[in-house]
Amino acid sequence: MNTTIMLFLLQDGITNGAIYALLGLALVLVFAVTRVILIPQGEFVTYGALTYASLAAGQMPGTTKLALALGMGAFAFDLFAARKALHGRLILRSVLTNIVLPAIVLALTVYFAAQKPPVAVCIALSLVIVAMIGLFLYRIAFQPLAHTSVLVLLIASVGVHLALQGLGLLFFGAEGQRGPAVLSGSFTAGALRFTGQSITVYGITIAFIVGLWLFFGLTLYGKALRATAVNRLGARLAGIRTTLSGQIAFLLASVIGALSGIMIVPITTLYYDSGFLIGLKGFVAAIIGGLVSYPLTAVAAVVVGIVEAFSSFYASNYKEVIVFMLLIPVLLLRSLAAPAVEEEKD
Amino acid sequence: MQSRLPILIFALVMAAIPFVPGMPPFWIVLLDNIGLAALVAMGLVLLTGVGGLTSFGQAAFVGFGAYTTAVLSTTYGVSPWLTLPLSLVVSGSLAVLLGLVTVRLSGHYLPLGTLAWGLGLFYLFSKLEFLGRNDGISAIPPLSIGSFKMLSPGSIYYAIWVAVILSALLTMNLLDSRTGRAIRALRRGHVAAEAFGVHTPRAKMLVFIHAAVLAGLSGWLYAHLQRAVNPTPFGAQAGIEYLFIAVVGGAGYVWGGVLGAALVVVLKEVLQSYLPLILPGSGQVETIVFGIMLVALLQLAPGGVWPWLMSFLPERTRGKKPDTSLKLAQRTRSPGQSSVLLQVDKARKQFGGVVAVNNVSFDVQAREIVALIGPNGAGKSTTFNLITGVLSATSGSISVLGNKLDRAPPQEIVKLGISRTFQHVKLVPDMTVLENVAIGAHLRGHSGPISSMLRLDRADEAKLLAEAARQIERVGLGEQMHQLAGSLSLGQQRIVEIARALCVDPMLLLLDEPAAGLRHMEKQRLATLLRELRDGGMSVLLVEHDMGFVMNLADRIVVLDFGTKIAEGTPATIKTNPEVIKAYLGVAA
């Protein structure tokens, strides 16, 4: 192997790793706050990517109708939950977020889709659409189960994943799609060629890691989320609305997922079911990071990306085997270093 | 535990189904599939619902079972009946390997870890040359008895359902035994189980292997039903599906696994065959509806369908009282033993910069009640944890009958005859009082998992339950023997913990705030009991805040404050000790 190939593989690995890092961060965030292991994270990726690609191709994405439908569902859940005390303001707020907002986005999408909108508009619309889907999903599927065990939440998460994947096929068909580059152009440094797209990936990943770090370290909402993660009951007693924390976590996760999708889709063709595997690699990173540490997750994700790039060069048949088996030595180390005193759980 | 009649009826009904005239052959295929899924789900019930270990990797074990028989019976022409034990051994031994890596993981690492190796193994199945890569292996011979070949789904039906019903019986036998109680205690954390000698990593490994062997059995049957295998049914999706079969059915119940399999298989079939009629044209509508129904079902019955159905049945009278005339062997007490039972010598425990226990020394003599008192945060519970091996001391030594306990784990310390209760009650709430107390006698029984499954453990089991019943009556809870421990009041639960500790046949009983939550009369009864125990030759070391209780009961009192021993003596001298009064009231009297 010569240095050029090695550098090339490293670059490829770091680009993929940056995406896994973002997804890993989102998974850690959602798990810490809501105890949901977010298997549908992969669907957020494909929805974001394919919505973006459809819009850029001048097609009307089905996801925006899904957002409105889910919004109506969320409104129904809100009404049912508040049936004993129907305050006007409460209903108004619910109508605004759950019905008016997705309706406006739907109208905008219809308007723009007809005229092949610029890249920035496509990105903005895709992000808003997927963000709403994430938010409403939490309201409908997970908020009613918030008190149950991690296992039940996990199975519900699987159910959501199945439904979303089926809907993905319905909306986008079995054909793969590619989208236009977010940032075109490129430059070379030595033997390496940096495309605008890969620079975007690095930039956005770093921005998000710093942004999340600032959010959790400095803002009141960030601290509320951390408090919810540590102790739900305690957070509630301190006046933190844990459902709000859950909503914020899902909102962030869906935005991160969609953004990752938009960044990958110009590089590789994505299919309606590609997200699952991409999300799982984010998982691998998140587990290596112990589901608690953001910087460790980011580093682990880059390692996963590099291992993947090298193994696809040397043993492409065993690429997935190697990536997933990477976990075993990590888990082994963790189990050896596991703390002796364990917590009470049920 | 349960009557065997419903199972017998179920077996007869299942045996009669193929003879129902006009039964569509397709239904038999469905029942075959239900049986196969039920076997895997049953393993998951034990692993996840009872043992608290979530695994996404079960499909890989099904794959091991199926591929083992596929390779051996095609490439090497081995008879399918000979490959059955081999399939089980292969899945079981790979479970040992994977279990060594994953079982020790706690909380959410475990499910994610199993997901990872489940995926990795799926890709391995689809890439290995001798497993036929993505095409798999075909032309697997059918099962046969003499010249009768089980070619049709109707003929292998009996093999599958005999396997399901036998496995269910064996699994239920296992749960209703000494080993089963250890497994059922796993979900509530390790500390309590280990304090009574349960080797928790071994118990976890056991359920892991049990679940893998059941999955391997399902795989073996699958290979001979389909007579072809390929990697698809052993992937991560299948692993996830098995898990939700168990959860939908009711993850804590053996029959929940069977019911869940029936519900999920039938539901998928109905959706696949009828949904296109209602909503024509679109490809994956059944997946969408299936996903939505799954979430809806969980929101309506988060515990699963089986317990929800069972709640409609009238409450049955639980169990009969064990025959208390059976006796367990008692601990041999050497008559010439030294009078110092427990010697704590300059024990010290630091957590980072905090000194929780600061060079504390005291002893407990034979036939003595010693009380350890002090304000909150004085280090009393930490001292208990040092003595019982939950924590290891930073420096200093603790010895029992002159033998030093050098970092001995809790399982070893209980063998020396030291048993304890906990400040925060650690009972298994969904087990009866009798079963909880019987965990205390864990080390006094000998039956292993195999003999429990085959019901060869009954003589041993009867003695354990008799001992448990005797201790429950001794502490005055005979009426509550068959109630669930979680339904008792907190005070009663503390008393149950004392009964459990007594089942060890201890020389020294460590009680952490036994009187908290008790009413006045109950406290008096407890004091009487403890005096009786002392007069019977036992020593008691207790932590307690109720001064009236302590002063009337204890022979000697050790006072701790901020981790340091500030006084020791009889109740009368402690009451007037200025240091003690200062520690409690903050002023010098």
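How many helices and strands does the secondary structure of chain A come to? Select chain A and colour it by secondary structure: you get 14 helices and two strands. Helices here are DSSP runs of H or I with at least four residues, strands are runs of E with at least two, and both are numbered from the N terminus.

Before going on, a word on what's loaded. This is a predicted model, where local features need pLDDT of at least 70 and side-chain atom pairs count only at pLDDT 80 or more, while totals for chains, interfaces and linings use all residues. Residues are numbered from 1 along each chain as its sequence is written, and chains are lettered from A and ligands numbered from 1 in the order in which they are written.

**Stop 1: chain A as a whole**

Zoom out on chain A. Its C-alpha atoms fill a box of roughly 70 × 60 × 35 Å along the principal axes.

**Stop 2: Arg35(A)**

Now pick Arg35(A), in the loop between helix H1 (3–34) and helix H2 (41–56) of chain A. Its phi is near 65 degrees, a positive value in a residue other than glycine. Is Arg35(A) buried or exposed? It's buried, because 20 other C-beta atoms lie within 10 Å.

**Stop 3: where the chains meet**

Show both chains. Here 42 residues of chain B are in contact with 43 residues of chain A (C-beta atoms, placed from the backbone, within 7 Å). On the chain B side, helices H4 (80–102), H5 (109–127), H10 (236–249) and H12 (285–300) each give two or more residues. H5(B) gives the most, with 11 residues. That side divides into 23 nonpolar, 16 polar and three charged residues; Ala, Val, Leu, Ile, Met, Phe, Trp, Tyr, Cys and Pro count as nonpolar, Asp, Glu, Lys and Arg as charged, and the others, Gly among them, as polar. The predictor gives the complex an ipTM of 0.83 and a pTM of 0.82.

**Stop 4: Arg455(B)**

Finish at Arg455(B), in the loop between helix H17 (449–453) and helix H18 (458–474) of chain B. Phi is positive here too, near 60 degrees. Arg455(B) is partly exposed, with 14 other C-beta atoms within 10 Å.

Methods: Two residues are in contact if their C-beta atoms, placed from the backbone, lie within 7 Å. A residue is buried if 20 or more other C-beta atoms lie within 10 Å of its own, exposed if 12 or fewer, and partly exposed in between; C-beta atoms are placed from the backbone.
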